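Subject: A structure for you to look at

Hello,

Here is the structure I promised to pass on. Have a look at it first, and then read on for what turned up.

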Amino acid sequence: VCIYMFFLMIRRPPRSTLFPYTTLFRSLLARDEIGYKNLMVLSSKAYQEGFYYKPRIDHELFSSHFQGLIALSGCLKGEIPRALLNGDREKAEADLSFYSELMGKDNFYLEIMDHGIPEQKQVNELLIELSRRTGVPLVASNDCHYVLKEDAFSQEVLLCIQTASKLDDEKRMRQIGRAHV
């Protein structure tokens, strides 16, 4: 079982102050029954306590419910990839150290993807280098939003519904890169 979780960089702030805070993306997988129960707790609390446009959790909550889970470092909007993209290797290494020490060697993976996005190629090279230097294993994944290439238009319509925008709006959020299997 896997869920895609949105992390807040700070302790759960009041709803009215959430907009200035960046959310970070991470995939969490249940390794065993304990992990499955922790996924349920994290998901429930994300909706009940952290929901503001999307369900969210913070490091404090995650740190008390990580047992039995496997975590991936996330897409370009994950903590480590984002720090690398911003040229902040020190922060990327500190974040990597936090997760790998908290979760243990076999329960945290640096996630590489290829969606044809130039920034992703740059980050992948840095993640591979980071993996070699630290011994934290790599996993290849794909950020799939639909199965068939022909479903791209439907995905764009869903994005418009989620963001209250129109298809002909040039400034609307768009799916970038390949997002199908």
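In which helix is Glu79 found? Glu79 belongs to helix α3. Before going further, please keep in mind that this is a predicted model.

With a relative accessible area of 5%, which is under 20%, Glu79 counts as buried. Its side chain has a partner: a polar contact of 2.9 Å joins the side chains of Glu79 and His59.

Asp58 has a relative accessibility of 1%, so Asp58 counts as buried. The side chain of Asp58 reaches the backbone nitrogen of Leu61, at 2.8 Å.

In soluble globular proteins, nonpolar side chains tend to be buried together. Here the largest nonpolar core has 27 residues, and Phe62, Ile80, Phe108 and Leu110 touch the most other members. At least two residues of this core come from each of α1 (33-48), α2, β4, α3 (79-85), α4 (89-103), β5 and α5 (118-134). To see the surroundings of Leu110, look beyond its neighbours within four places in sequence: Leu110 is in contact with residues including Ser73, Ile80, Leu96, Leu127, Leu130 and Val139.

Some aromatic rings deserve a view of their own. There are 3 aromatic pairs. In one of them, the ring centres of Phe98 and Tyr99 are 4.8 Å apart and the planes stand at 80°, so this pair is edge-to-face. Tyr99 also pairs with Phe108, and that pair is stacked, with 5.3 Å from centre to centre and 10° between the planes. Ring pairs link Phe62, Phe98, Tyr99 and Phe108 into a cluster.

How exposed are these rings? Phe98 is partly exposed, because its relative accessibility is 33%. Tyr99 has a relative accessibility of 0% and therefore counts as buried. Phe108 is buried as well.

Next, please turn to strand β4 (residues 69-72), where Ile70 is found. In a regular strand the side chains alternate between the two faces of the sheet. What covers β4 here, on one side and on the other? Both faces are covered: Leu69 and Ala71 are buried on one side, and Ile70 and Leu72 are buried on the other. Strand β4 runs parallel to β5 (residues 108-112), and 2 bridges join them. Leu72 of this strand stands opposite Tyr109 in β5.

Ile70 also brings together parts of the chain that are separated in sequence. Ile70 and Leu29 are 41 residues apart in sequence, yet their C-alpha atoms are 5.0 Å apart in space. Leaving aside neighbours within four places in sequence, Ile70 is in contact with Ser27, Leu28, Leu29, Arg31, Met103, Asn107 and Tyr109.

Lastly, the cysteines. A disulfide is a covalent bond between the sulfur atoms of two cysteines. How many disulfides does a search of the whole structure find? That search finds 0 disulfides. Cys75 has a relative accessible area of 9%, so Cys75 is buried. Cys160 is buried too, with a relative accessible area of 7%.

Enjoy looking around!

Best wishes

Methods. Residues numbered from 1 in each chain as written. Predicted model: local features only at pLDDT ≥ 70, side-chain atom pairs only at ≥ 80, totals over all residues. Heavy atoms only, no water. Phe/Tyr/Trp six-rings, centres within 6.5 Å; stacked < 30°, edge-to-face > 60°. Buried < 20%, exposed > 50% of the residue type's maximum accessible area, 1.4 Å probe, protein only. Helix = DSSP H or I, 4+ residues; strand = E, 2+ residues; numbered from the N terminus. Contact = heavy atoms within 4.5 Å. Pairing = 2+ DSSP bridges. Polar contact = N/O pair within 3.5 Å; in protein donor to acceptor, adjacent residues only side chain to side chain. Disulfide = S-S within 2.5 Å. Core = buried A, V, L, I, M, F, W, Y, C linked by side-chain atoms within 4.5 Å.
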